[in-house]
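Subject: Structure handover

Hello,

Here is the structure I said I would pass on. Please open it alongside the notes below.

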Amino acid sequence: MLDPRSEIYPTIEYRPIQPSDLEVLEKIHLSLFPIRYEREFFLNVVNGHGVISWGAVDTSRSDEGRDELIGFVTTRMIAAKDSEIEDLFRYNNSRKDLTLLYILTLGVVDSYRNLGIASSLVREVIKHAASVSNCRGVYLHVISYNQPAINFYKKMLFKLVRRLPMFYYIRGQHYDSYLFVYYVNGGRTPCSPLEIVTSFVVDFRAFLKMLVGKFWSKEEKSIPRWSRCKESTTLLTSPNNSSNSKRIIGGEDSRCHV
């Protein structure tokens, strides 16, 4: 690994994640995130089954680890109509096959932080999205208290387009999610009065759902503790499922998208 005291910057190269990365990829995810991803997720990543990914390696290393992953980003192409931001693309009625590239996970090992690796990985994602003619953007969720991630995506010129109330459920507590988008190939935020009204209606519905959720949460507190369902300790929404689903996470923290 990189010596933090070294004044020599490493030579970082980027490549697709491959089957030989399986063990290291699992190890890094385990060290960075408070959740355990299913084995199937990692197999899909390294074999390219429905997942598009990039890895960062330090080719300046003199040992056998010069091709070992020190950073990664995993993504999935989804239909725009299956996302939470479908309404932002309704102005383009001539295309029914619009897609979005969704960032699943992004991480860099601690000893290689602050070298611009995460930024370069995200730029690879944006470049790929722009090369797909019917893709209109790259998007992702960030838990509301993860300020470093929020600052990072704003620095990368992602637009904060939506706040999703109680999107995450972690150790018995709900957390909101911020939804960030980087538009490509002519994608844009609503501009016309009708588009703005449509977006407002969607956000207002989300707000009402939040109020209803808080009401039911208060009702739930009146239920005897022994009668409640046992709390989950895993990520119940598999990366194979639609990104629309709420995340139910077990763990002390959620450092998704660092």
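The notes below start with the whole chain and then go through some of its parts.

Overall

Please keep in mind that this is a predicted model. The protein has 258 residues, of which 47% count as buried. There are 5 helices and 8 strands, and from the N terminus on they run β-α-α-β-β-β-α-β-α-β-β-α-β. If you take the contacts between residues at least 6 apart in sequence, 72% of them join residues at least 24 apart. The accessible surface comes to about 14,200 Å², with 54% of this area belonging to carbon and sulfur atoms.

Arginine 15

Arginine 15 sits in strand 1, which covers residues 12–15. Its relative accessibility is 13%, and because the cut-off for buried is under 20%, arginine 15 counts as buried. Its side chain makes a polar contact of 2.8 Å with the side chain of aspartate 21. Apart from neighbours within four places in sequence, the residues in contact with arginine 15 are Asp21, Trp54, Gly55, Val57, Asp67 and Leu69.

Helix 2

Helix 2 takes in residues 39–47, and its buried residues are Phe41, Phe42, Asn44, Val45 and Val46.

Helix 3

Helix 3 (residues 117–131) has 15 residues, so at 1.5 Å a residue it should span 21 Å; the C-alpha atoms at its ends are 21 Å apart, in agreement. The buried residues in helix 3 are Ile117, Ala118, Ser119, Ser120, Leu121, Val122, Val125, Ile126 and Ala129. As background, an α-helix has 3.6 residues a turn, so residues three or four places apart point the same way.

Strands 5, 6 and 7

Strand 7 pairs with strand 5 and also with strand 6. Strand 5 and strand 7 run antiparallel and are joined by 7 bridges. Strand 6 (residues 159–170) and strand 7 are likewise antiparallel, over 8 bridges.

Histidine 141 belongs to strand 5, and its bridge partner in strand 7 is leucine 179. Is histidine 141 buried or exposed? At 0% relative accessibility, histidine 141 counts as buried. Two polar contacts involve its side chain: one of 2.9 Å with the side chain of glutamate 84, and one of 2.7 Å with the side chain of tyrosine 102.

Aromatic pairs

The count comes to 12 aromatic pairs. In one of them, the rings of tyrosine 145 and tyrosine 175 have centres 5.2 Å apart and planes at 80 degrees; planes over 60 degrees apart count as edge-to-face, so this pair is edge-to-face. Tyrosine 145 lies in the loop between strand 5 (135–143) and helix 4 (147–155), while tyrosine 175 is in strand 7 (residues 173–183), so the pair ties together parts that are 30 residues apart in sequence. Tyrosine 145 is partly exposed, at a relative accessible area of 35%.

Another pair is formed by tyrosine 153 and phenylalanine 158, whose ring centres are 5.2 Å apart with the planes at 75 degrees, so this pair is edge-to-face too. Tyrosine 153 and phenylalanine 158 are both buried.

Regards

Notes. Residues numbered from 1 in each chain as written. Predicted model: local features only at pLDDT ≥ 70, side-chain atom pairs only at ≥ 80, totals over all residues. Heavy atoms only, no water. Helix = DSSP H or I, 4+ residues; strand = E, 2+ residues; numbered from the N terminus. Expected span 1.5 Å × (residues − 1). Buried < 20%, exposed > 50% of the residue type's maximum accessible area, 1.4 Å probe, protein only. Phe/Tyr/Trp six-rings, centres within 6.5 Å; stacked < 30°, edge-to-face > 60°. Pairing = 2+ DSSP bridges. Contact = heavy atoms within 4.5 Å. Areas by Shrake-Rupley, 256 points an atom, 1.4 Å probe, with all protein chains shown as cover. Polar contact = N/O pair within 3.5 Å; in protein donor to acceptor, adjacent residues only side chain to side chain.
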